[in-house]
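Student: I would like to go through this structure with the sequence and the model side by side. Can we start with the strand pairing and then turn to the helices?

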Amino acid sequence: GGEEAGGEPTETPTEPPEELLSPEERVLRFVEESGGRVKQQDVVSTLDWTEAKTSQVVGELRENDEIEVFRIGRENVLALPDEE
């Protein structure tokens, strides 16, 4: 099965491509894929956003209770809210 070499990456139909997601959805997906907790700085570097944009998007999510923000030392840590 060498079909993958040089071919298109397989898209799963249920998941929209990254570029169609809103910034908020991209952050939530990234946190989910990272096990439910991630440093805000990792969002900046992984999504290649500015600190300002990341803070703005995180702030929106926080206001909507879609994400929780902790301070650990000098770092902001983003976490998915507990479902309970």
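**Strands, helices and one buried valine**

Tutor: Arg-71 stands opposite Asn-76 in β3. Keep in mind that this is a predicted model.

Student: How many bridges join β2 and β3, and in which sense do they pair?

Tutor: Strands of a sheet can pair either parallel or antiparallel, through backbone hydrogen bonds. Glu-68 stands opposite Ala-79 in β3, and Arg-71 stands opposite Asn-76. β2 and β3, the latter covering residues 75-79, pair in the antiparallel sense, and the number of bridges is five.

Student: Which residue in the hairpin of β2 and β3 takes a positive phi?

Tutor: The hairpin has two residues between the strands. A positive phi near 65 degrees is found there, at Gly-73.

Student: What is the strand order of the sheet, and which strands are at its edges?

Tutor: The sheet is open, has three strands and shows antiparallel pairing, in the order β1-β3-β2. An edge strand here pairs on one side only, and this applies to β1 (37-39) and β2 (68-72). From one strand to the next, the twist averages 30 degrees. The order is thus β1-β3-β2, with edge strands β1 and β2.

Student: What angle does the direction of helix α2 make with that of β1?

Tutor: Helix α2 spans residues 40-47 and packs on the sheet. The strands touched by α2 are β1 and β3. With the direction of β1, that of α2 makes an angle of about 75 degrees.

Student: Which elements do the buried residues of α1 pack against?

Tutor: Helix α1 covers residues 23-33, and its buried residues include Val-27, Leu-28 and Phe-30. Just after α1, Gly-35 takes a positive phi of about 95 degrees. The buried residues of α1 pack against β1, α2, α3 (51-63) and β3.

Student: Why does Val-69 count as buried?

Tutor: Val-69 is found in strand β2. Residues under 20% relative accessible area are classed as buried. Val-69 counts as buried because its relative accessibility is 17%.

Technical notes
Residues numbered from 1 in each chain as written. Predicted model: local features only at pLDDT ≥ 70, side-chain atom pairs only at ≥ 80, totals over all residues. Heavy atoms only, no water. Pairing = 2+ DSSP bridges. Helix = DSSP H or I, 4+ residues; strand = E, 2+ residues; numbered from the N terminus. Axes fitted to C-alpha atoms, helices over the stretch in contact; angles between N-to-C directions. Contact = heavy atoms within 4.5 Å. Buried < 20%, exposed > 50% of the residue type's maximum accessible area, 1.4 Å probe, protein only.
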